[in-house]
Amino acid sequence: MTDAFTKLFAQMMASGQEMARAFNPALEHFDMRAMEKLVPTMPSDMLEMWFGKTFNREGLDAKTRLLLTIGAITVQGAMAEPQLRMTIRQAIAAGATKREIAETIFQMSMFGGLPAMQKALEIAQSVYAEEDQE
């Protein structure tokens, strides 16, 4: 790697850390190298895309991006329950209200169907209950 590329990559990683703080303060110390150890086949360019370019683009704040992600997971039938739970928690940490999350899920009923909406709302309710207990 050239010095310029190394510097650029370091800036991208710092930008990713900033994005993590915006999404959820608990992700502030997220270590990309730990992810690579866990999933060694995950290419660095995928990590760079997710945390460097895609989620750090200007135009949308973290809360809006997370609400969009909730919508996308809902439309897929809410089959990715762990990911939906995590995204709902992150959306709350980014400032989304329970009403905004519910409205996002409800809006997706037109695209993913009523069963997908119902499942996603059930998941959201259980996340809210967990949050209330903490």
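From the N terminus on, the protein chain runs α-α-α-α-α-α-α-α. That gives eight helices and zero strands, where helices (H or I, at least four residues) and strands (E, at least two) are DSSP runs numbered from the N terminus. Welcome to a predicted model, in which local features need pLDDT of at least 70, side-chain atom pairs count only at pLDDT 80 or more, and totals for chains, interfaces and linings use all residues. Residues are numbered from 1 along each chain as its sequence is written, and side-chain values use heavy atoms, with hydrogens and water left out.

**The chain as a whole**
- Of the 134 residues in the protein chain, 30% count as buried, meaning under 20% relative accessible area, while exposed means over 50% and partly exposed is in between (1.4 Å probe, protein chains only).
- Among contacts (heavy atoms within 4.5 Å) with a separation of 6 or more, 64% join residues 24 or more positions apart.
- The protein chain exposes about 8500 Å², and carbon and sulfur atoms supply 60% of this area, which comes from the Shrake-Rupley method with a 1.4 Å probe.

**The nonpolar core**
- A nonpolar core is a set of buried Ala, Val, Leu, Ile, Met, Phe, Trp, Tyr and Cys residues joined through side-chain atoms within 4.5 Å.
- The largest one has 16 residues, and those with the most contacts inside it are I70, L84, I88, A91, I101 and I105.
- At least two residues of this core come from each of helix 4 (62-75), helix 5 (81-93), helix 6 (98-107) and helix 8 (114-133).
- Helix 8 gives the largest share, six residues.
- Leaving aside residues up to four places away in sequence, I105 touches I70, T74, M117, A120, L121 and A124.

**Where helix 5 meets helix 8**
- The axes of these two helices come within 10 Å and cross at roughly 55 degrees; axes are lines fitted to C-alpha atoms, for helices over the stretch in contact, and angles run from 0 to 180 degrees between N-to-C directions.
- Helix 5 is therefore oblique to helix 8, the term for angles that are not under 35 degrees (roughly parallel), over 145 (roughly antiparallel) or 65 to 115 (roughly perpendicular).
- On the helix 5 side, the residues making the contact include L84, I88 and I92, and on the helix 8 side they include A120, I123 and V127.

**A look at V75**
- V75 lies in helix 4 and counts as partly exposed because its relative accessibility is 33%.
- V75 and I105 are 30 residues apart in sequence and 8.6 Å apart in space, C-alpha to C-alpha.
- Not counting residues up to four places away in sequence, V75 touches M108, F111 and G112.
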